[in-house]
Amino acid sequence: TQQDQMLFEERHLRYISPLGKGNFGSVELCRYDPLGDNTGELVAVKKLQPNKQSTLEDFKKEVNTLSVLYCEYIVKYKGVCYSTGRLTMSLVMEYLPYGSLIGYLENNRHNVNTRRMLLFASQICKGMEYLQSLRHVHRDLAARNILVASESLVKIADFGLTKVIPFDKEYYRVTQPGESPIFWYAPESITESKFSHKSDVWSFGVVLHELFSYCDMNSNPKRVYSLMKQCWEYDFNERPCFSSVGNQIEAMMQEERENLKG
Ligand SMILES: CC(C)(Nc1nc(-c2c[nH]c3ncc(Cl)cc23)ncc1F)C(=O)NCC(F)(F)F
């Protein structure tokens, strides 16, 4: 809804600490504190770092992309902050205290179990189904780009590379190949710079592997590995769509619940 897209005044945005470097910019933890009494809310502020690849135009596209995404499994956009003199702008997002999924997996092994991993996988899949419904291709789906909102909720973030597929095509061909590590890239993205919902499905398979590589393999449904292999079909037409992936994950969650009942 229009009214909750706020304009943040730079003078009230108090820098606290760095969060990390993403596509096209660095993200900082700040407190938006207009009353000046430290009661303001914590926010994640992505500052544009104009360099050879990224321009203000790219950044505005990222802001526009994120500002119209309303999904509980996608990091919330809160607004923008124009610097004095409007030379640059910052993207203000909700701050999720548990941090990135990859960090969470590494630091919370005791909390990592099949049931929770299947829940996270189903949430990421729902977020991707939402993106697909808007013809958006994320292009950088990886555990490092997923945020943990709580012990039972994860959200997709970092939409710096997201593209919208034209209505008359099934894929988006990128002109300037990005710098993303190719380990998450589908073959056609590497060989032909082609990105589609099916290349996002390939990357989702890699995220499944990231999620389940922290679990003890013997307790995992064998079907998880079978689902990964479906996502890694060389021919993108052979790969399942996100709704089919979602159904298979729901089935595994049901199986897991029955197993727990004994
Ligand atoms: C570049 C940045 C900052 N990296 C990190 N963010 C956060 C982090 C922790 N809490 C956050 N709340 C909101 C946001 Cl946008 C990021 C964080 N924590 C660790 C990071 F390395 C990021 O944006 N990563 C993509 C994401 F993880 F968000 F998918």
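Student: Which kind of crossing does helix 5 make as it passes helix 6?
Tutor: Happy to start there! Helices here are DSSP runs (H or I, at least four residues), as are strands (E, at least two), both numbered from the N terminus. A crossing counts as left-handed if the near helix is turned anticlockwise from the far one by less than a right angle, and as right-handed if clockwise. Helix 5 passes helix 6 in a crossing that is left-handed.

Student: Before we go on, what kind of model is this?
Tutor: Residues are numbered from 1 along each chain as its sequence is written, and side-chain values use heavy atoms, leaving out hydrogens and water. Local features need pLDDT of at least 70, side-chain atom pairs count only at pLDDT 80 or more, and totals for chains, interfaces and linings use all residues, since the model is predicted.

Student: What is the mean pLDDT of the protein?
Tutor: pLDDT is the predictor's confidence in each residue, from 0 to 100. In this protein, 93% of residues reach 70 or more. Confidence is lowest in helix 1, at a mean of 86, and highest in strand 9 (residues 153–156), at 98. The mean for the protein is 90.

Student: Is helix 5 roughly parallel or roughly antiparallel to helix 6?
Tutor: Axes are lines fitted to C-alpha atoms, for helices over the stretch in contact, with angles from 0 to 180 degrees between N-to-C directions. Helix 5 (residues 197–212) and helix 6 (residues 222–231) pack at about 150 degrees, their axes 8 Å apart. Angles under 35 degrees count as roughly parallel, over 145 as roughly antiparallel, 65 to 115 as roughly perpendicular and the rest as oblique. Therefore helix 5 is, relative to helix 6, roughly antiparallel.

Student: How many residues of that contact are nonpolar?
Tutor: Contact means heavy atoms within 4.5 Å, and among the residues meeting are Trp-202 and Phe-212 in helix 5 and Met-228 in helix 6. Ala, Val, Leu, Ile, Met, Phe, Trp, Tyr, Cys and Pro count as nonpolar, Asp, Glu, Lys and Arg as charged, and the others, Gly among them, as polar. Two residues of the contact are polar and none charged, while the nonpolar ones number nine.

Student: What is the strand order of the open sheet of six strands?
Tutor: Two strands pair if DSSP finds at least two bridges between them. Strand 1 (6–7) and strand 2 (13–22) are the edge strands, each pairing on one side only. Strand 1 pairs with strand 5 (residues 77–82) in the parallel sense over two bridges. Pairing in the sheet is mixed, and the order is 1-5-6-4-3-2.
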